[in-house]
2 protein chains.
Amino acid sequence: MFSGAQISLYPMTDRFVDVILSALPAFDPYREKLRIETDDISTLIVGTPDVVFAAMRDLYVSGSADGIHAVLHATISRGCPGEPDDPMCHTEALTGPVLPLAERKASALQAVASAPVTGRAAAAQFSLYVMGTGDHMEEIYGCIDFLKNSGVFDRSKNFCTRVKGDAGAVFATIHEAFVRFGPPNGHVTIDLTVSANSPSAI
Amino acid sequence: MFSGAQISLYPMTDRFVDVILSALPAFDPYREKLRIETDDISTLIVGTPDVVFAAMRDLYVSGSADGIHAVLHATISRGCPGEPDDPMCHTEALTGPVLPLAERKASALQAVASAPVTGRAAAAQFSLYVMGTGDHMEEIYGCIDFLKNSGVFDRSKNFCTRVKGDAGAVFATIHEAFVRFGPPNGHVTIDLTVSANSPSAI
């Protein structure tokens, strides 16, 4: 299994370099559990999904302080057949037997209910892709049903689903969508956008 | 068939609202061929892939004028089973018989060679996802082979491929990747990031 994300932080300010550099210490608690590589377009973080999502959440919270309009984008992936197996990505969450869809939805809801509260609002949208199986839409519809009961569901849009609420619950919900649906050893990806402090927010 | 994209423009400046509003006339030549809906996270554009990519390219060029560091992100999709069929998205490019992979690669290269030159550099990375078929990796490897010969290939990264060059060739290349690979009536998506004027560009 190989899992991780290509992430980018876009602070809409002249001081974007300073905002990004000031936000990077948010990674510190996770550095031993992540492989991190940066270039001019994005930063790769490789690790287990729980660590990857916690690091993204904390980076988002740090990068959107002081009311700055900032957006975090992430291309998240697990199980891509073109990537090498990596011990750093091993997690029991993706090695057990596949439970029935209803049980997975219940576990996902429980995880979201116990997510930490960050105090930072998040407006997010994401697309979940499950590759290589004939019944990928069944898993996606199961995931959508979980989302509608997650407490952060906002609305469906073309090509994606909107969620909103405290960043803790929002990132926990998307993490659950990522690990609970689709085959455990399958190729699953998420295209995620999280927006803070937009002046055009409804 | 239903095709289009959720797009967002992120100008890294205090004047981001003005930059976005000033860039929007780039859509004008395409408005009759697109359905456009905006909210605080992204703008939906629905239409045939050729029009969608031309509109994105022109928005990118307009939104990154004057050396501003700006990023365009797009979640691009065709053939999603959950979306309604739309006559606005009908195109002969996706209704003919499936040609052999080698012929499709040759046609894609020809299209990139005749792309307009915009004079604006683009550093991009994207992930191509082909859903619901057992052989999705074969189509992706075929696409990667095309990319390596496209003239804008930069390098492979985890989870995505980097391309760089004039925005005309870059958007043409990604358009070709989107329409020539994967089944014509299949569900194919792209997670695309295009960056202009990054101060950390190599």
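1. Let's start with how the chains relate. Chain A superposes on chain B by a rotation of 180 degrees with 0.0 Å of shift along its axis, at an RMSD of 0.0 Å. The two copies are thus related as by a two-fold rotation axis. Both copies use the same surface, since 100% of the contact residues of chain A recur in chain B. Please keep in mind that this is a predicted model.

2. Next, a helix pair within chain A. Two packed helices are described by the angle between their axes and the distance between the axes. Here helix 2 (residues 49-63) of chain A packs with helix 5 (residues 167-180) of chain A at an angle of about 150 degrees, and their axes are 10 Å apart. Angles over 145 degrees count as roughly antiparallel, so helix 2 of chain A is roughly antiparallel to helix 5 of chain A. Their crossing is right-handed.

3. Which residues meet there? From helix 2 of chain A they include Phe53(A), Met56(A) and Tyr60(A), and from helix 5 of chain A they include Phe171(A), Ile174(A) and Phe178(A). The residues of this contact divide into ten nonpolar, two polar and two charged. Among those listed are Asp50(A) and Arg57(A) in helix 2 of chain A, and His175(A) in helix 5 of chain A.

4. Finally, the aromatic rings. Over all chains, the structure holds ten aromatic pairs. One of them joins Phe53(A) and Phe178(A): this pair is tilted, with 5.8 Å centre to centre and 45 degrees between the planes. Phe53(A) in helix 2 of chain A and Phe178(A) in helix 5 of chain A are 125 residues apart, and their pair links distant parts of the chain.

Technical notes
Residues numbered from 1 in each chain as written. Chains lettered and ligands numbered in written order. Predicted model: local features only at pLDDT ≥ 70, side-chain atom pairs only at ≥ 80, totals over all residues. Heavy atoms only, no water. Axes fitted to C-alpha atoms, helices over the stretch in contact; angles between N-to-C directions. Helix = DSSP H or I, 4+ residues; strand = E, 2+ residues; numbered from the N terminus. Parallel < 35°, antiparallel > 145°, perpendicular 65-115°, else oblique. Left-handed = near helix turned anticlockwise from the far one by under 90°. Contact = heavy atoms within 4.5 Å. Nonpolar A, V, L, I, M, F, W, Y, C, P; charged D, E, K, R; others polar. Least-squares fit on C-alpha atoms with pLDDT ≥ 70 in both. Phe/Tyr/Trp six-rings, centres within 6.5 Å; stacked < 30°, edge-to-face > 60°.
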